[in-house]
Amino acid sequence: MANLQHIRRRIKSVKNIQKITNAMDMIARSRFNAAREALLSNVPYVAKTREITRRIMGQMRGQEYEHPFVKTRDELIAEQQEGAGKFLFVVIASDKGLAGSFSSNVFKEAHDVIEYDGTGENSSLDDDGEEENFHKKNFDALKGIKPIAKRTPKQQRQMTATGGIAKATGRGGGKTSTGGTSEAREYHDENYIDGIELITVGRKATTHFKQRGYNIIKSYHGISERPQYKYAKEITDLVMERFESGEIIDVTLIYTQFKSAISCTPDDVTLLPIVTDDYVKASANLKEEYIYEPDVVSILNDFLPRRIATRIYGAMLHSAASELSSRMNAMSNATDNAQELVGRLNLFYNKVRQAGITNEINEIVGGANALE
Amino acid sequence: MATILLEVATPDKGEVYAKEINMLITRSICGELGILPKHARLLTELIPHAMRIKEGSGETQLFISGGFMEVTPEKITILADAAEAPDDIDVDRAKEAYKRAEERITTYKQSPKTHEEIDIDRAEAALARAKARLLVKGVPIP
């Protein structure tokens with residue numbers, strides 16, 4: 001027979017847990033309101049930045065040489081032949097756990113994108129440039145292209161100095177991720193991981209990818225819950241620095257998109273390069289050329305970093321709101337479950353108590369009967 | 001009279017201005033620009049200044065702390081770091097910022113070598129912002 005005191009203790013501990021989850025729920029709720037507000041006031045800015053980028057890039061056809069961030073897909077392939085070819089991913093997750101499946105959803109998406117090998121279903125075919133996730137498309141284009149020429153670092157420096165698009169040999173020579181294999185890649189494959197660089201935001205993301213042996217070039221902690229523009233700027237500077245080094249051929253951002261308080265989906269967005277082929281369809285009817293003041297290069301030099309920072313900042317806001325709403329849901333579920341558990345334990349407790357009383361009465365009656 | 005849609009968005013306040021207007025007078029890094037409806041496509045960078053918006057017979061001002069402007073024949077989109085209508089401007093804060101920036105610039109100019117800690121670009125940008133804010137408000141610059 002279960003011990004009454006034992007059950008009482010269990011009830012008490014469940015009630016304590018319930019208090020904690022309830023408190024976490026309320027904290028998440030109040031922070032969530034602030035996060036959602038911040039996100040909603042940022043959304044129009046991001047949308048307009050994207051619109052402008054799309055319009056300009058639609059016009060860029062044939063002028064890709066103007067800026068190292070803007071390329072055609074053919075140029076991208078050419079660059080891969082020259083031996084560039086690492087992929088950089090920026091993964092935004094959370095610092096803290098206890099947010100339901102928030103982090104694991106991001107990681108699932110991240111692995112899905114990072115380990116994409118050109119096999120499996122191709123979701124990029126019906127892409128009309130609305131979503132701006134071109135990683136898989138880029139990968140498909142680059143698949144099977146072997147670096148044919150290897151530049152020495154010296155040559156690369158000369159290229160940079162002469163203003164050409166910097167191109168470098170990927171670390172390990174031809175052993176880069178896209179070294180022309182069409183067989184499925186394993187993420188613990190050394191050669192494969194060699195071709196991947198990661199920037200992580202949030203402690204959870206860092207530990208997750210570190211355990212799996214990824215090459216994390218920088219991680220940011222303590223910024224994901226209350227995003228600030230200056231951190232987005234910092235990440236942007238790092239991303240551009242890596243991209244300009246010529247080793248990186250494609251930069252993808254993975255974050256959680258906040259749709260509503262009950263629906264958050266992981267999403268991936270290509271930050272660099274801007275491949276004009278993807279934008280042409282969207283603006284096929286635009287024929288007029290833009291006037292750039294003072295000129296294309298200086299405007300793009302200022303505008304493109306701004307676009308990337310805006311994108312990262314927006315993604316951080318999306319991620320923060322998603323994290324808090326996931327935590328809210330998880331914690332209110334936990335509180336409800338605790339309530340139910342307490343109810344069931346109470347029932348059990350009373351049953352046991354009654355059984356004890358019945359037993360005692362039986363004993364007394366039995367004893368009295370024996371005396372007669 | 002023909003009109004053109006003006007939209008101003010900032011990263012943390014969302015869309016702060018969206019209206020059909022007759023003319024916009026703004027200042028880019030290349031100088032002053034007047035935008036009328038059906039303007040050719042244009043992309044430029046703005047400096048901190050007081051933008052003048054003409055609608056109907058009236059004229060309003062809007063403070064812009066720098067950003068980008070895209071013009072299409074039907075629409076002007078401004079992506080500003082911050083944008084404030086005259087009513088939202090904190091005059092005291094702007095005055096203080098003005099004084100602070102000016103002091104820094106004068107100390108820097110006296111002996112640039114001993115004051116290497118001063119970020120002169122930042123101070124000058126701050127001065128321009130404060131100046132523009134006060135201008136929108138119609139407060140005389142001290």
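Tutor: Start at Val239(A). Beyond its neighbours within four places in sequence, Val239(A) is in contact with Leu88(A), Val90(A), Val251(A), Leu271(A), Leu272(A) and Ile308(A). This is a predicted model, so every contact here is computed from predicted coordinates.

Val239(A) belongs to the largest nonpolar core, which has 94 residues. Val239(A) is listed there among the residues with the most contacts inside the core, together with Phe89(A), Val90(A), Val91(A), Ile92(A), Ile254(A) and Ile312(A). In soluble globular proteins, nonpolar side chains tend to be buried together.

Now the chain around it. Chain A has ten helices and eight strands. Of its 372 residues, 40% are buried. Take the contacts in chain A between residues at least 6 apart in sequence: 76% of them join residues at least 24 apart.

A second, separate core has six residues, including Ala94(B), Tyr98(B), Ala101(B) and Leu134(B). These four also occur in a helix pair of chain B. Helix 1 (residues 91–110) and helix 2 (residues 120–137) of chain B pack at about 145°, with axes 8 Å apart. Their crossing is left-handed. Ala94(B), Tyr98(B) and Ala101(B) are on the helix 1 side, and Leu134(B) is on the helix 2 side. The residues of this contact divide into 13 nonpolar, no polar and six charged. Among the residues that meet are Glu102(B) and Arg104(B) from helix 1, and Lys131(B) and Arg133(B) from helix 2.

Terms used: Residues are numbered from 1 along each chain as its sequence is written. Chains are lettered from A and ligands numbered from 1 in the order in which they are written. This is a predicted model: local features need pLDDT of at least 70, side-chain atom pairs count only at pLDDT 80 or more; totals for chains, interfaces and linings use all residues. A nonpolar core is a set of buried Ala, Val, Leu, Ile, Met, Phe, Trp, Tyr and Cys residues joined through C-beta atoms within 7 Å. A residue is buried if 20 or more other C-beta atoms lie within 10 Å of its own, exposed if 12 or fewer, and partly exposed in between; C-beta atoms are placed from the backbone. Two residues are in contact if their C-beta atoms, placed from the backbone, lie within 7 Å. Helices (H or I, at least four residues) and strands (E, at least two) are DSSP runs, numbered from the N terminus. Axes are lines fitted to C-alpha atoms, for helices over the stretch in contact, and angles run from 0 to 180 degrees between N-to-C directions. A crossing is left-handed if the near helix is turned anticlockwise from the far one by less than a right angle, and right-handed if clockwise. Ala, Val, Leu, Ile, Met, Phe, Trp, Tyr, Cys and Pro count as nonpolar, Asp, Glu, Lys and Arg as charged, and the others, Gly among them, as polar.
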